[in-house]
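Hi everyone, thanks for coming. Let me put the sequence and the structure up on the screen, and then we can walk through some ring contacts.

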Amino acid sequence: MTDADLVFMREALDQATQAQAQGEVPVGAVVVCDGKVLGRGFNRTISRSDPTAHAEIVALRQACEHLNNYRLPPKTSMYSTIEPCTMCAGALIHARLSELIFAATEPRAGAAGSSIDAFNNPGLNHHVMVRGGVMADEAAALMTRFFMDRR
């Protein structure tokens, strides 16, 4: 884990906190290239009535709009507070993300090894490097508090 990992995961956690403040499941993500944030996002599925408005998709869309390209440049990373689902994994692969760094695992729907491993499909023409566990305790605590408060 690098200093940059901590800086950008804190930014993703800040995005997750914004989601929670709006009554959304607290997941946040940032897209980074050459030390610069290209896109930020937090879950907006409820507020937008959009099942695709996951934090990762929101951040990816913002980054691609910023670049005016549906493909990300080499050495682009995403920091996400939770292991992405299958939909988000597919979008990251199609956008040619270089590396995914996530905090906490998602045992029921995580597509980076927990439920399935979408990133290690040998039949795909692009592969994303994946690292998990960066600030996992902080991200898991945020999720736990959110769901305990809702019960």
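Is Phe8 buried or exposed? Phe8 is buried, with a relative accessible area of 9%; buried means under 20%, exposed over 50%, and partly exposed in between, using a 1.4 Å probe and protein chains only.

A quick word on where this comes from: this is a predicted model, where local features need pLDDT of at least 70 and side-chain atom pairs pLDDT 80 or more, while totals for chains, interfaces and linings use all residues. Residues are numbered from 1 along each chain as its sequence is written, and side-chain values use heavy atoms, with hydrogens and water left out.

Now, the aromatic pairs. Searching the whole structure turns up two of them; rings of Phe, Tyr and Trp (its six-membered ring) pair if their centres lie within 6.5 Å, and planes under 30 degrees apart are stacked, over 60 edge-to-face, the rest tilted. Phe8 and Tyr79 have ring centres 5.5 Å apart and planes at 40 degrees, so this pair is tilted. Phe8 belongs to helix 1 (residues 3-21) and Tyr79 to strand 3 (residues 76-82), so the pair ties together parts 71 residues apart in sequence. Helices (H or I, at least four residues) and strands (E, at least two) are DSSP runs, numbered from the N terminus. Tyr79 is buried too, at 5% relative accessible area.

The rings of Phe146 and Phe147 have centres 5.0 Å apart and planes at 80 degrees, so that pair is edge-to-face. Phe146 is buried at 5%, whereas Phe147 is partly exposed at 33%.
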